[in-house]
Structure formats: structure tokens, C-alpha cells
Amino acid sequence: MIYADNAATTKMSDAAIKTMVSVMNDTYGNPSSLYSTGQRAKEVLEQARVDVASVINAQPREIYFTSGGSEADNQAILTAAAIGKKSGKMHIISTAFEHHAVLHTLNKLEKEGYEITLLDVHEDGLVVPEELEEAIRPDTCLVTVMYANNEIGTVQPIRRIGEICRKHGVLFHTDAVQAIGHIPVDVEKDNIDMLSSSAHKYHGPKGVGFLYVKKGIRVTNLIEGGAQERGKRAGTENVPGIAAMAEALKEINSKMEANAEYLTAKRDRLIEGLKEIPHSALNGDAKKRLPSNVNFCFEGIEGESLLLLLDDKGIEASSGSACTSGSLDPSHVLLAIGRVHDVAHGSLRLSIGENITDDEVEYIISSVKEVVEYLRSFSPVWRDLQEGKREYIL
Amino acid sequence: MALYSDKVMDHFRNPRNVGVIEDANGIGEVGNAMCGDIMKMYLKIENGIVEDVKFETFGCGSAIASSSMATELIKGKPLEEVRELTNKAVAEALDGLPDYKMHCSVLAEEAIQAALEDYERKMGIITDEPRKEEERIEV
């Protein structure tokens, strides 16, 4: 079996599992308790905070542990919205292809009277910093742009965006869920005020993540209760999960450069191989993308069928097809980069893992070719295209 | 629990009656590429009986399986029976479909009815104008 859906989630690393089990067994205390078992758990928790902070060049006190990326996104956006509102600033800039954790939070704020501007991400899936600068208004309280897109993997010009936000005194949040552990992220150099991360995207456990908030920014809490996380996130800390996240992050960070080089070569071979399929197109810029991400549209076929047949061949991947989500509309990301519905339904996302081999890459290429050809063989859309009754889009 | 029943997966993996009938006397196409599903049914009707049926489908697993099952349900059947075919019968024969995939069985029913209507028009049995594309895709 080839697991090629690492953007959805990853397998936990052995080290992370070992850490998690060991904390569950030996450090089960409540970090808020005064006795030794509690204090040992507190030490584990604070060491994890130090470790996580150092990976992104933050201060430990700037890290808030959360239940994952979605919670961190919600908290960051609501934090900036609350700060903005105090001085009458109720305009937020984002992009059309953010994760729903961001977009749905923005929708909610829009109903409360905030104004939202969504930047165009163009055909290459990249924000143009000059367009962001033009969109900033005196009442802009937040810019939130994802570090790397979860579907098409395009890596945004974050440092430049951060610079522009600093220049205009606007808070900048980035959903870095797909980036952390895979490409270098430095909150200082990148001029980031708030950042979201999720452990299960880098071989840590599910249900845990963190929010970085630059010191001096008053955080709005989503969960009221005890004084955990400096009063900004109540609830007894998920100590085993947090410790395992820190372990996974340290581990992947130490191999980041080698992983990126290895995966980039495999990614580029996959792109080269899949491009040979007629009337197909790579989604997103070919180079400014995550080392693990390949995303294609194939004309004349539908993505769910493609996924099911690939699964039969032992390849696990995902699609932006409407049929895989239960909605009528295909992926909002593909629509945002200008793919029309007709071809957006026929998309395939491969997000490869660090253990993929050359043989597996070749097997993926030949399998996708075979399945696309098979599905086209009885697709009325493909027939119409071939017979000239319908214009090719790709 | 798997997304689809074994029967759906069987008809998806090994679709029956796939392809084109060159001398079909009833052809129906429903759905549109924007929504992600198109079904095309080819009927060869002789002496009031569906002698042959083939389909082409652009769509998800359940759309392909629904087309396949629908062709099996009408092959060799008299037209009176074919007219009675419902999406419910297609879905039941597949041991059920997930709720949000029921529209696939509706498309299968509609594709067959559209092909039948095309046949009846060609035979002069009905003379009114064909239904408009937009009216046929509402599922």
C-alpha cells in the first residue's frame, strides 16, 4: 500500500508514539497539581513548549497549545477581530483558498459586521504582495494568509506579506498547518504575529496543535475555565499529545532539509510523468509548492472514481471532486485558481511521504495513467471532446 | 463501515453493459459536467422489448454503479416494465446508496426514461418537443 495522502494526515513517528506512551504511563499527573507527579507533568509540558518555540524561533511564552489547527485558526482570527473592534477597525484581508477553519470564521465575523476582502490567488495559486498592499485600508485589523495551501501546496510569499503588514501596522496571521516541519518557518524573519500548527501533519498525534501569538498581543480565549495556557485556553492540558507533538516536530525539523530535497525530486518526477496524460494540468505553480504536493486535473473524468480505482491498486490519495465531500461544488481551492467546475471534478491530490521509493513513484504514474484512460474509455464527456462536440478546456 | 455496499463496488469495478450501441434507436443523456455527473444510455428496442442496452458515464463510483445496475434491470424487459423503473428500484438492487448519492440513482432512471422518450419520438409515438436540458438535470 502506498499512502499518498500526507496532507490529510500522517502516520505517527515511532519516537512520537514512544513519547506519548511513556508520558501516559509515567507522567500522568495534572500539570496544575502541586505534588511531584503533577509537577513532573508540568515539566514535560513546559519542555514541549520550549522545543516547539525553538523550531519556529519564538519565545516559549508565545506558544499556546490547542486541540489542533482549526482551533488555532479560530482563536487567532477572533483575537485580531476583538483587538480591531476596540479601535473601530473591522476590515480583514484573506484569500479565497484558505482552509475552511479560516473562511468559516471569517463568514461568522462578516455576519457580525466585519468587512472581508479575499485576495485573488491567480492561476498559479499565489498571492501577489502588491495586491495585498493595495487592499490594506486604515481600518484593516488583520491579514490572514496561509503559509502553504493544503490542496495545491503553493507556498505563499509570507516574508514579504509580513513585511507589508508590519509597515502598515496590521496584525498578520498565517495558517501554517501544511508548512511547519516541511519547509523553514521563522516567525521573526517572516514577520509573523500569529501562526497555527497541527501535530498530525508532521507525524505527531491527532487532536493537538499550537497557536503562536507574538508577545504583546492580547489573546481572546475561546474556552473559559481554569488558568491553563496563561488563562487563554482552559482545560487540563493534553500532556501526552503535546509531548508527542514536540517530539515529532523536533524529529522532522532535524531532517527537514534532507526530506525536502528527497521529496522535491520525487514530486518533480511525478509531475513530469503525469503531465504525459493528454488534457491534464498541474494545479498551482510547479516550483513554489510544498516538496510533497502534486495536484492534477484530468479532463473528462470524475475524481471519486479515480480515487476508488487507485485504492484498488493500493494507492491512497484524495480529490477535490464534489463527490468526495458530499457537496455539489468541487474544491473551493481549484475554483479559486480559475479551474471551472467541469475539470475541477476530475482532480487528484497526491501528498507523498518521506519513505516513498522511486519504484512507488513509477507505479503511481503508471497506475494513474491506466485508470484515467480506463475511465475516459466510457465517459460521454471524453467522447464528446474526442468527437469535437465539446471544446477541450485543458 | 465502507462508503459503498459490496454490490455497488462490484458494479463499479466490473460495470455491466458498458459502451455504445452503434445502431441504437433510443439514446438519452442526462446530467451535466458542471455537477460532475453525466449518463448516456443507448437502447436497441425491437418488438417492444429492450434487446440491448449500453451506457457511458462520467461520474463518481455510485453513478457508474447505478448506470450499470439500471442496464441490468431493463435488459430483455418489455417497454411497459422499463417505463415503471424507478430510482428506488435501482438503489435497492444495489443494496442501498448513501443519502447524498441517491441522486445518482435518479440520474440512472432519468437517463433510461430520456432514451425511451427518444425512441418513442423517433417512432412517432410521441410528437411533443423534447424536454429542455435544464429541466432534465434537476436532481
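How many residue pairs are in polar contact across the interface of domain 1 of chain A and domain 2 of chain A? The rule finds 13, both residues at pLDDT 80 or more. A polar contact here is a pair of N or O atoms within 3.5 Å; within protein, one must be able to donate a hydrogen and the other to accept it, and residues adjacent in sequence count only if both atoms are side-chain atoms.

Some ground rules. This is a predicted model, where local features need pLDDT of at least 70, side-chain atom pairs count only at pLDDT 80 or more, and totals for chains, interfaces and linings use all residues. Residues are numbered from 1 along each chain as its sequence is written, chains are lettered from A and ligands numbered from 1 in the order written, and side-chain values use heavy atoms, leaving out hydrogens and water.

Chain A overall. It has 13 helices and 12 strands, taken as DSSP runs (H or I, at least four residues, for helices; E, at least two, for strands) and numbered from the N terminus. Its C-alpha trace spans about 75 × 50 × 35 Å along the principal axes.

Now the domains. Domain 1 of chain A covers 14-254, and domain 2 covers 256-386. These bounds come from an automatic or database assignment. The domain centres, over C-alpha atoms, are 29 Å apart. Together the two domains bury about 1,900 Å², 58% of it on carbon and sulfur atoms. Buried area is the accessible area (1.4 Å probe) lost on putting two parts together, summed over both. On the domain 1 side, E151(A), I152(A) and H182(A) lose the most, together 32% of what that side buries.

What about salt bridges? That means a side-chain nitrogen of Lys or Arg within 4 Å of a carboxyl oxygen of Asp or Glu. Between the domains, the rule finds zero.

On to chain B. Here 22 residues of chain A are in contact with 27 of chain B. The buried area is about 2,100 Å², with 62% from carbon and sulfur atoms. Between these chains the count is three salt bridges. One of them joins E304(A) to K101(B), with the closest N and O atoms 2.6 Å apart. The largest share, five residues, comes from α9(A).

Definitions and conventions: Contact means heavy atoms within 4.5 Å.
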